[in-house]
Amino acid sequence: MDAVDTPVPAPTLESFLADGWRSADTRGFIELVGPILYKEDGGRLRLGFLAAPKHGNSRTVVQGGMIATFCDRSLAMAARRANNDLPQATIELSIRYIDAVQFGEFVEIAPEVVRKTRSIIFMRGTATVGARIVATADGVWKVLGRAGS
């Protein structure tokens, strides 16, 4: 068997943790679908999840609701960090599904702040598996509190 035929081991949660990824807060609903991982990369927040059968739909690919949940949590985490950890709530989220995600694939997003005001944060992100785009998301978050309140 030459190098071209050598099977590549499937990624595991442990391999991502060993590579510096950390598990995000999994309280509440995310405990059911997580873990969602995160990593700082040159000051930019990256988030990801390893697609598993528990994320599947009847076509045996990742359910769109999991992609939406992942995008919502990821963009919200980045928005909160960009706003001094003030509490906030999603008031709008738009998802475009581009390609199916297979079990065993690692879905990743690097959220971007589009605009931030005192009370609203506009976010966007592109979810990928490697170089393949699987979804795009845009959202708006309402800041619910002020520092020192």
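R124 comes out as partly exposed in this predicted model, at 38% relative accessibility (buried is under 20% relative accessible area, exposed is over 50%, and partly exposed is in between, with a 1.4 Å probe and protein chains only). Being a predicted model, it is read for local features only at pLDDT of at least 70 and for side-chain atom pairs only at pLDDT 80 or more, while totals for chains, interfaces and linings use all residues. Residues are numbered from 1 along each chain as its sequence is written, and side-chain values rest on heavy atoms, leaving out hydrogens and water.

R124 pairs up with E112 in a salt bridge, with the closest N and O atoms 3.5 Å apart (a salt bridge being a side-chain nitrogen of Lys or Arg within 4 Å of a carboxyl oxygen of Asp or Glu). E112 sits in strand 6 (residues 112-116) and R124 in strand 7 (residues 120-129), so the pair ties together parts that are 12 residues apart in sequence. Strands (E, at least two residues) and helices (H or I, at least four) are DSSP runs, numbered from the N terminus. E112 also meets R44 through a salt bridge, at 3.7 Å from N to O. Here the link is between distant parts of the chain, as R44 belongs to strand 3 and lies 68 residues from E112. E112 is partly exposed at 31%, and R44 is partly exposed too, at 39%.

Across the whole structure, the search turns up nine salt bridges. Another of them joins R46 and D41, at 3.1 Å from N to O. R46 is buried at 18% relative accessibility, whereas D41 is partly exposed at 42%. Together with E108, D41 and R46 form a salt-bridge network.

H55 is found in the loop between strand 3 (44-50) and helix 3. A polar atom of the H55 side chain lies 2.7 Å from the backbone oxygen of V33. Beyond its neighbours within four places in sequence, H55 has contacts (heavy atoms within 4.5 Å) that include V33, F49, L50 and M66.

As for open space, the largest pocket has a volume of about 180 Å³ (a pocket is an open set of points on a 1 Å grid over the protein atoms alone, where a 1.4 Å probe fits, with protein on both sides within 12 Å along at least five of seven lines; lining residues have an atom within 4 Å of a point). Helix 3 gives the most to the lining, with four residues. Among the lining residues are R73, R80, Q88 and W141.

Note on methods. Points joined across faces, edges and corners; volume = space filled by probe spheres on them. Polar contact = N/O pair within 3.5 Å; in protein donor to acceptor, adjacent residues only side chain to side chain.
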